[in-house]
Each structure stands twice: as C-alpha cells, then as structure tokens.
Amino acid sequence: MTRALANNDHEVETKYHVSDLSELIKALAQRQVALTEPSVQDDQAYAPAGWTYGMSKNRTRQL
C-alpha cells in the first residue's frame, strides 16, 4: 500500500526484530498504516568532531 505524502505527514523510523513480516504488514494494513517503497539512505550519524562532508566515513582513518 503506497500513497503520496501530504504536507502534514511525518517520517518515522523505528527498528524492531520481526519474526513474521507478512503478519506485521497485515496488522499495519488493518490499522490503515500506509507504507512507502523501501529506500536506501547513505548517512553518517555521530560523525567525529572535525569531520566535514566529502571526507571518508571510515572511522579508522585519521582526521
């Protein structure tokens, strides 16, 4: 189930261990939760002090 985002929609990211994905999707659909297509995100959380965009994301490299 997909739909376009409205102006008042908010992205929520939560991580859980799921043992039965099809049951989870069914339960969410019953509650009218709209899922978007999966996406790939390349980001770096908690970059070390001194890191700037374009620098290596490899933490073993000296800044």
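One salt bridge is counted in this structure, a salt bridge being a side-chain nitrogen of Lys or Arg within 4 Å of a carboxyl oxygen of Asp or Glu. The model is predicted, so local features need pLDDT of at least 70 and side-chain atom pairs count only at pLDDT 80 or more, while totals for chains, interfaces and linings use all residues. Residues are numbered from 1 along each chain as its sequence is written, and side-chain values use heavy atoms, with hydrogens and water left out.

**Chain overview**

- The chain contains one helix and zero strands; helices (H or I, at least four residues) and strands (E, at least two) are DSSP runs numbered from the N terminus.
- Of its 63 residues, 0% count as buried, where buried means under 20% relative accessible area, exposed over 50%, and partly exposed in between (1.4 Å probe, protein chains only).

**Salt bridge**

- Lys26 pairs with Glu23 in a salt bridge whose closest N and O atoms are 3.2 Å apart.
- Lys26 and Glu23 are three residues apart in helix α1 and are therefore separated by about one helical turn.
- Both partners are partly exposed: Lys26 has a relative accessible area of 44%, and Glu23 has one of 41%.

**Nonpolar surface patch**

- Tyr16, Val18, Leu21, Leu24, Ile25, Val33 and Leu35 form a nonpolar surface patch with about 620 Å² of accessible area together.
- Patches are made of residues with over 30% relative accessible area and no salt bridge, with like charges joined within 9 Å and nonpolar side chains (Val, Leu, Ile, Met, Phe, Trp, Tyr) within 5 Å.
- Leu21 belongs to helix α1 (residues 21–30) and is exposed, at 55% relative accessible area.

**Backbone at Gln32**

- Gln32, in the segment after α1, has a phi near 60 degrees, a positive value in a residue other than glycine.
- Gln32 is exposed, with a relative accessible area of 71%.

Terms used:
Accessible areas come from the Shrake-Rupley method with a 1.4 Å probe; for residues, only the protein chains shown count as cover.
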